[in-house]
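Before reading on, take a moment to look at the sequence and turn the model around.

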Amino acid sequence: MLRQFSYDFRLLTADSYSHDLRLTTYDYKGGSAMTRSILIASGKGGVGKSTVASRLGRLLSEKGQKTLLVDCDAGLSSLDVMLGVAEDVAFNWYDAYLGRCEAAEAVVHTENGPDLLPAPSAVLPEQAPDAVKNAVDALADDYDVVIIDAPAGLSTGLDRAARAAKKAVVVATADEVSVKGAAALAKTVTEKGVEQCRLLINRYDVKAAKKGKLLTVDDIIDKTAVQLLGIVPEDPEITYSTVTGKRGDKNKSAKAFARIVERIDGNNVPLNLKLLK
Ligand SMILES: Nc1ncnc2c1ncn2[C@@H]1O[C@H](COP(=O)(O)OP(=O)(O)OP(=O)(O)O)[C@@H](O)[C@H]1O
Ligand SMILES: [Mg+2]
């Protein structure tokens with residue numbers, strides 16, 4: 001009951017809620033390749049990392065930011081499909097690491113959208129810890145922002161991705177397993193040198209949370225101890241709109257992503273749970 005009360009109280013004071021949780025200004029502009037790179041990661045798989053990466057990539061490039069998406073999921077790439085360029089992929093960051101091509105030759109350009117540095121189509125035969133970082137370092141001068149889509153879990157693939165970024169968005173859904181994974185992930189990437197972690201709660205269902213069927217926003221922040229960047233609602237249209245590139249401006253999730261991108265772009269947009277319904 002007390003938890004419910006504090007939840008409603010925060011809802012009524014959306015401005016101070018956003019202020020004290022510092023719905024964040026990442027301020028990625030300028031600086032080194034590492035500080036302009038944002039890792040998108042999660043402990044548990046399938047929580048929406050690649051969806052978030054492709055959405056943020058599209059929206060940032062619509063805002064005029066030259067954006068590079070890096071797919072780090074060797075063997076299970078998805079950004080090439082989500083961006084509609086799977087047929088155009090010739091090389092990837094591992095090819096660049098092995099000297100089969102320059103990093104720039106591996107980049108695939110999308111029409112009016114972000115560029116993509118694809119992942120290898122098979123699991124790597126070696127750890128190649130600096131393969132992603134080397135490619136990002138070689139390319140970053142041409143971009144305002146680099147978004148790195150990590151594989152799920154605390155694997156060597158995460159290590160490879162995390163080496164290239166100083167900022168991370170930790171994606172979690174509102175269930176105990178995912179939130180536990182997010183907490184472990186945030187701790188791990190911080191130990192690996194990521195300096196700013198932010199939490200993105202995906203597939204949130206306000207009604208289910210109020211009925212006690214999902215964790216509340218407060219619970220998730222408490223359990224992960226990561227500052228909130230934003231909340232994306234459960235949206236049955238999202239799979240279709242992600243792979244077709246149709247933004248679906250009227251979709252519930254589109255409004256949430258637009259607000260999150262504003263925060264990444266340094267603007268203090270308050271949290272408003274009512275917009276998620
Ligand atoms: N807000 C949402 N509402 C409903 N479905 C969603 C939402 N976000 C993502 N999904 C769906 O969840 C599924 C998994 O998403 P996605 O591939 O982005 O997850 P992932 O974390 O990248 O997975 P993996 O760990 O395998 O890389 C997809 O079908 C996607 O469309
Ligand atoms: Mg993925």
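What follows is a short walk through this structure, beginning with the chain as a whole.

The model shown here is predicted, and its secondary structure comes to 13 helices and 7 strands. The chain has 277 residues, of which 48% count as buried. If one takes the contacts between residues at least 6 apart in sequence, 77% of them join residues that are at least 24 apart.

A place where two helices meet can be followed in detail. Helix α9, which covers residues 176-191, packs with helix α11, residues 217-224, at an angle of about 35°, and the two axes are 8 Å apart. The crossing of α9 and α11 is right-handed. On the side of α9 the contact is made by Val179, Ala182, Ala183 and Ala186, while α11 contributes Ile220, Lys223 and Thr224. Sorted by class, this contact of α9 with α11 has 5 nonpolar residues, 1 polar residue and 1 charged residue.

Is isoleucine 264 buried or exposed? Isoleucine 264 has 25 C-beta neighbours inside 10 Å, and because a residue is buried if 20 or more other C-beta atoms lie within 10 Å of its own, isoleucine 264 counts as buried.

Conventions:
Residues numbered from 1 in each chain as written. Chains lettered and ligands numbered in written order. Predicted model: local features only at pLDDT ≥ 70, side-chain atom pairs only at ≥ 80, totals over all residues. Buried ≥ 20, exposed ≤ 12 C-beta atoms within 10 Å, placed from the backbone. Axes fitted to C-alpha atoms, helices over the stretch in contact; angles between N-to-C directions. Helix = DSSP H or I, 4+ residues; strand = E, 2+ residues; numbered from the N terminus. Left-handed = near helix turned anticlockwise from the far one by under 90°. Contact = placed C-beta atoms within 7 Å. Nonpolar A, V, L, I, M, F, W, Y, C, P; charged D, E, K, R; others polar.
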